[in-house]
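I opened the notebook on a new model today.

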Amino acid sequence: MSQAKNAPTRSWSIDWTNLLFLGGYHLLLIVLLPLYLIQYDVSASLVWGTAAIWTLCLLAITMGYHRLYAHVTYRTHPAIEAFLAFWGTVATQGSIFSWSHDHRIHHRHVDTDLDPYSAPKGFWHSHVLWMLKKRPEINPRIIQDLWKRPSLQAQHNHYSLLMVTANVVVWIGLWAVTGDPFGSFVIGILLRMFLVHHCTWFINSLAHMWGSQPYSTEHTAVNNFILSILTFGEGYHNYHHTFAGDYRNGVRWWQFDPAKIVIWTLSKLGLAHDLKRVNKLTIKRRLVAADRHLMMERIRELKHRIDVDAWSARVEEAAASLTTNLNGLKTASDKFQRMKEEGLDSLRSVKEHKVKEMRDVRDVKMQEMRDARDETLQHMRERRDQELEALQKRIDELKATVAAEMKEWKDMVELLLETPESRLAVIPVPA
Ligand SMILES: [Zn+2]
Ligand SMILES: [Zn+2]
């Protein structure tokens, strides 16, 4: 009893699996990388091969684990899903279930004690230390949509085996390309794992600390271009925490977000669909609200230099008017779009009706032509039969005539050629 009272209480326990794995491979890298670099030159094929694996792993986390599974911002072909799941497994960031589970909680409870990688707890906590603390069991209700999918269940249940196998396959593949087993392991597996991990982890740490907040100051998430480069588009984290349902993180066309370009391209190829976008006017309204908040703060800061009441009133008035007009514009554009679509629908139904009419007319006309054709054929057949009959009659008549004439002919021949000359004079010429 007394012991329990005096012992320091700790609300968490160490996740030994994560600690040994993460600590172990970092140590191995620290030892093996210098050893390798001292002994060997790094070949170009090893650099390019590792860069390719790094790219695929980060894209799989960004496009797959994050935007496809954790936020369901689009749907994609099973082959693409399998590809993303494979490279996501190679990236060694846990199963799709555990990643999405923790990430959804992060969004729902951002910056609070419930947030697994709550940034206000400090850089190291949100970057890596949170993983060394045992996480509560997965609550299937949080990932209900994913939980019922057998392929994702399998990836979760056999995660360790799949992760090791996938990395061994990648190692052997890189070894086959470079002919360098040691380098492929140290650079292609260990160093690449280190780079992919820390780039992703920066989104939980730095992307909640270092950057701008154009869309919202209600959470710690920031926009940061450099982090976008390191994670293929995840650096626009302020936008992402404000509109997590958008398949884009860099929502402006010029923002560096290769993942959004790949997803968009897949959709054009018919390999992705249901891409979710937040309406431009909704984003604008949000920007106005964020700017209003910042301006009011600034006005309060400058209270000794400016007329706070007058300025506040002016900003509030402008923000209210702009918001009202943006709302009106959104309602009108939505209605316009709806009417256009309805118009299209009715045009489509009129077109279908006309096509049906044309088809009916065509059917009647064709039947008429078919009947006419049959009549003509019948007529021709009859005429032909009559002609044939007449011909037959003529042939029979001619045959009879010929037979009669032949008989007469023969008689004549017999008479003229075989009758003695003396008797010819007395025989009369046949009629
Ligand atoms: Zn975040
Ligand atoms: Zn997210």
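**Entry 1: histidine 219.** I looked up His219 and found it in the loop between α10 (181–204) and α11 (225–231). I take helices as DSSP runs of H or I with at least four residues, strands as runs of E with at least two, numbered from the N terminus. This is a predicted model; local features need pLDDT of at least 70 and side-chain atom pairs pLDDT 80 or more, while totals for chains, interfaces and linings use all residues. Residues are numbered from 1 along each chain as its sequence is written, and chains are lettered from A and ligands numbered from 1 in the order written.

Is His219 buried or exposed, or partly exposed? His219 counts as partly exposed because it has 18 C-beta neighbours inside 10 Å. The cut-offs: buried is 20 or more other C-beta atoms within 10 Å, exposed is 12 or fewer, partly exposed is in between, with C-beta atoms placed from the backbone.

Next I listed contacts, meaning residue pairs whose C-beta atoms, placed from the backbone, lie within 7 Å. Leaving aside neighbours within four places in sequence, His219 contacts Val110, Asp111 and His241. I also checked His106: its C-alpha atom is 11 Å from that of His219, and the two are 113 residues apart along the chain.

**Entry 2: helix α5.** I noted the buried residues of α5: Ile96, Phe97, Trp99, Ser100, His101, Asp102, His103 and His106. They pack against α3 (44–70), α4 (78–90), α7 (144–147) and α8 (150–157).

**Entry 3: helix α3 and its partners.** Two packed helices are described by the angle between their axes and the distance between the axes. I use axes fitted as lines to C-alpha atoms over the stretch in contact, with angles from 0 to 180 degrees between N-to-C directions.

I took α4 as one partner. The α3 and α4 axes are 8 Å apart, at an angle of about 115°. The α3 side of the contact is Leu56, Cys57, Ala60, Ile61, Met63, Gly64, Tyr65 and Leu68; the α4 side is Leu84, Ala85, Trp87, Gly88 and Val90. By class I get 11 nonpolar, 2 polar and no charged residues. Ala, Val, Leu, Ile, Met, Phe, Trp, Tyr, Cys and Pro count as nonpolar, Asp, Glu, Lys and Arg as charged, and the others, Gly among them, as polar.

I then turned to α10. The axes of α3 and α10 come within 9 Å and cross at roughly 35°. On α3 the residues include Leu46, Gly49, Ile53 and Trp54, and on α10 they include Gly183, Ile187, Arg192 and Leu195. This contact has 10 nonpolar, 6 polar and 1 charged residues.

**Entry 4: tyrosine 247.** I found Tyr247 in the loop between α12 and α13 (258–268). Tyr247 is buried because it has 24 C-beta neighbours inside 10 Å. Apart from residues up to four places away in sequence, Tyr247 touches Arg67, Thr73, Tyr74, Lys260, Ile263, Leu275, Lys276 and Arg277. The C-alpha atoms of Tyr247 and His71 are 8.4 Å apart, across 176 residues of chain.

**Entry 5: positive phi.** I checked Phe232, in the loop between α11 and α12 (237–242). Its phi is near 55°, a positive value in a residue other than glycine. Phe232 counts as buried, with 23 C-beta neighbours inside 10 Å.

I checked Asp274 too, in the loop between β2 (272–273) and α14 (280–301). Phi of Asp274 is also positive, near 55°. Asp274 is exposed, with 11 other C-beta atoms within 10 Å.

**Entry 6: domains.** How is the chain divided? I have domain 1 at 11–278 and domain 2 at 285–354, with bounds from an automatic or database domain assignment. Their centres, taken over C-alpha atoms, are 35 Å apart. The contact takes 5 residues from domain 1 and 5 residues from domain 2. The domain 1 side has 2 nonpolar, 3 polar and no charged residues.

How values were computed
Contact = placed C-beta atoms within 7 Å.
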